[in-house]
Amino acid sequence: MAQSSTETDWVSRFADEVIAEAERRAPGKPVVVASGLSPSGPIHLGNLREVMTPHLVADEIRRRGIEVRHLISWDDYDRYRKVPKGIPGVDEETYGQYIGRPLTAVPAPAGSPYGSWAEHFKAAMVDSLAELGVEYDPISQTEQYTTGAYREQVLHAMKHRGDIDAVLDQYRTKQKPGGKKPQQKQVDEAELEAAEGSGAAAEDDGSTGEGGYFPYKPYCGQCGKDFTKVTSYDDETTEMTYVCTEDEFTETVKLSEFNRGKLVWKVDWPMRWALEGVIFEPSGVDHSSPGSSFQVGGQIVHIFGGEQPIGPMYAFVGISGMAKMSSSKGGVPTPADALKIMEPQLLRWLYARRRPNQSFKIAFDQEIQRLYDEWDKLEAKVADGSVLPADAAAHTRAVRTAAAELPRTPRPMPYRTLASVVDVTAGHDEQTLRILSDLEPDKPLTSLDEVRPRLDRAENWITTQVPADQRTLVREEPDTELLSSLDDEGRASLRLLLEGLDSHWSLDGLTTLVYGVPKVMAGLEPDAKPTPELKVAQRTFFALLYRLLVTRETGPRLPTLLLAVGADRVRELLAV
Ligand SMILES: [Zn+2]
C-alpha cells in the first residue's frame, strides 16, 4: 500500500491486505472489521483475542488515515444454553428454568444492578474494553432482531431456504456439523461433547421437519423459549406456523411483521457479513475443517449477495497460574481479572507481539514479574533507539491507539520490586513510600501516585494471586538458635554486612554490598570477577540472610528485602 510503513509486523501486513480488499469490494466506503461476543456468562480472557485481533488491525488502518469501523456484535439474542457453575447469585434450580430463552430475557444474577443476564456479563467486558482503549461500534442482536432490522434478510433466507439447505446438506452426511462460531471457551472435553450431543449443533443450522427445512427459529409466544419448530411457511403471504415442543403452544404469524425469533447461527453469521460488508473477522480454533460455520458461511454468504471476510484463525491463549481464590466468577479468568494485576499496555502488548496463529499464555503466576522485566527492557530500548523495528511496532500498538496514548505510570519502577515491597509491608502506604524512596535516594519519591497504577496492580497480584505460603513474613524476633550455631566465618560475614548498611543504603548500594561480602570473606577485591567457588559462597550467604530475615531459603531480591525490612530491624535480626 502507498502508506505502508517500515513496520513489518503482522498487524501491518493484515492492514495492507484488508485495505486492498476493501478497495476492491466497496471503494470509498469505510473499512469494516468485526468481532462477536456471547454474554452467556463471564467472558473468558482467552476470548479477548476475538476482539484484539481486529482491534489492532483496525487501529493500524485508522493510523493510516483511513476510515474504519470495528463492529462488536453482542450475541445476546442467543438462547440460554446452560447454567454456568460457580457464579455468585446463580443456582441451577432457579436459573435452569430459563434455558431456551434469549440471554436478554434471563434475569441477571441476584444482586446485579443490570436488567438481564446478557447486560450483566456484557458490562464487565465493556469496562475492560474501555480500559484497553478499544474503539468499536456495539451491535445488540436482540435490538436488531426485535426491531426488525434484519427483516429483509430473514424473509430472503426463508425464500431461499432450499438453497441454504442444499449448502448445509453437503456437510450433514460427511461429518457431524461444527458448532457455533468457534470461540475459545473454558470447557473441558466432556462438557464440549455433552453440548454437541445435546443437539446444540443441530440448532446451529436449523432443522428439517415435515414442512421441509427452515433456517429461522421463533421464540415461543407462550413460554418465551426456543423449543419451537416451524411447521409451515407461505412465501406469498409470509405466514409461518410454529409449534412449541415444550408447552405445545402453536400460532401462525406473518413473518413480515414478526420480530421474536432469529436466523439459525450458520445463516445468521454470513447474513451479517453480507449486510455489514465485513472485510475482516477472525475466529478461534481450526475453521478450515469441512462443515465449520466459517466454511459453510463462505458459501451461504453468496445467497445474501456478499463475500466472506478475510478470516484468520487465531490460536489458543492460555492462562498460567490463576489462583483458585480469585476465580470468583465461575472459575473463569476474565479480561477484568488480568487488568487487576497488569496495566492495559502490557496486556495489549501480549496480543500485539504474537501473530494470531501463535498461542501464548497470560501469566497470573510468578512469570508476570519476568514479563514486566521484559517489557521494561523493551521500553528502555525504545527510549535509547536501539529497538528492532518489529519490537518497536508492537510497543507502539501497546502504548497508544490512533486516538490517544493510554494513561501510563509516571515512574515505572520494576514490578517485581513493587511487588516485593507491598509483600513485605502488607500494603502499608507510609512504609511503602519510605522504602520506595530509599531505592533511589538521589531522587526520592514524593508520592505513591508517581508509581501508580503499576503499584496497585502489583499489590493486587500479591494479595490475590500469590499463595500464603509464598508470601514474605519478616521475623518478629531474631533466630537466636541459628545465630548461635554460626561459625566464626558466618558471624564475620554478618558483621561485615551490618557495618556496610549505612554507606550502602540504596538499591544499587545494597546490591554491591550483598555480593561484595562473600568476596571480601574470600580475600578478593569487592569488584573481583565471580568464580564458581565464589558463586557457591554467595548462594550460601544469601540463604543464611533469608533464613534469618524471613525464615525461608528464598524470598524477594535481597537488596529490596533489606530496604523493605529497614536498617534498624535488619540490625536487630542479624546481630551476632
Ligand atoms: Zn413454549
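Let me begin with a term: helices (H or I, at least four residues) and strands (E, at least two) are DSSP runs, numbered from the N terminus.

Now the ground rules. This is a predicted model, where local features need pLDDT of at least 70, side-chain atom pairs count only at pLDDT 80 or more, and totals for chains, interfaces and linings use all residues. Residues are numbered from 1 along each chain as its sequence is written, and side-chain values use heavy atoms, with hydrogens and water left out.

First, the whole chain. Its secondary structure comes to 23 helices and 14 strands. The C-alpha trace spans about 100 × 60 × 45 Å along its principal axes. There are 576 residues, and 52% of them count as buried. Buried means under 20% relative accessible area, exposed means over 50%, and partly exposed is in between (1.4 Å probe, protein chains only).

Next, contacts. A contact means heavy atoms within 4.5 Å.

Now the surface and the charges. The chain exposes about 25500 Å², and carbon and sulfur atoms supply 51% of that. Areas come from the Shrake-Rupley method with a 1.4 Å probe; for residues, only the protein chains shown count as cover. On charge, the chain has 66 positive and 88 negative side chains. Lys and Arg count as positive, Asp and Glu as negative; His and the chain ends are not counted. The centres of the two sets lie 2 Å apart. For that, the place of a charge is NZ of Lys, CZ of Arg, CG of Asp or CD of Glu.

On to the inside. In soluble globular proteins, nonpolar side chains tend to be buried together. A nonpolar core here is a set of buried Ala, Val, Leu, Ile, Met, Phe, Trp, Tyr and Cys residues joined through side-chain atoms within 4.5 Å. Which residues touch the most other members of the largest core? Leu-347, Tyr-351 and Ile-362 do, out of 105 residues in that core. Helix H21, residues 532–550, gives the most to this core, with 8 residues. A second, separate core has 39 residues, including Ile-164, Tyr-242, Leu-255 and Phe-294.

Look at Tyr-351 for a moment. Not counting residues up to four places away in sequence, Tyr-351 touches several partners, among them Trp-10, Leu-45, Arg-49, Val-317 and Ile-362.

H9 is mostly covered, with 10 of its 12 residues buried. Among the buried ones are Trp-265, Trp-269, Trp-273, Lys-266 and Arg-272. After H9 comes Gly-277, with a positive phi near 65 degrees.

Is Ala-274 buried or partly exposed? Partly exposed, because its relative accessibility is 21%. Leaving aside neighbours within four places in sequence, Ala-274 contacts Val-301, Phe-304 and Gly-306. Its C-alpha is 34 Å from that of Lys-361, which is 87 residues apart along the chain.

Compare Ala-149, in the loop between helix H5 (141–146) and helix H6 (151–159). Ala-149 is partly exposed, at 38% relative accessibility. Asn-259 is 110 residues apart from Ala-149 along the chain, yet their C-alpha atoms are separated by 9.2 Å.

Then helix H16, residues 429–439, where we find Thr-432. Thr-432 counts as buried because its relative accessible area is 1%. Beyond its neighbours within four places, its contacts include Val-421, Thr-425, Leu-448 and Leu-455.

Last, the backbone. Most residues other than glycine have a negative phi, and most peptide bonds are trans. Where is the cis peptide bond? It joins Arg-452 and Pro-453, with omega about 5 degrees. Pro-453 lies in the loop between H16 and helix H17 (454–465).

Two positive phi values to finish. Glu-248 has phi near 60 degrees, in the loop between strand E8 (239–244) and strand E9 (250–254). Glu-248 is exposed, at 66%. Ala-426 has a positive phi of about 55 degrees, in the loop between helix H15 (415–425) and H16. Ala-426 also counts as exposed, with 62% relative accessibility.
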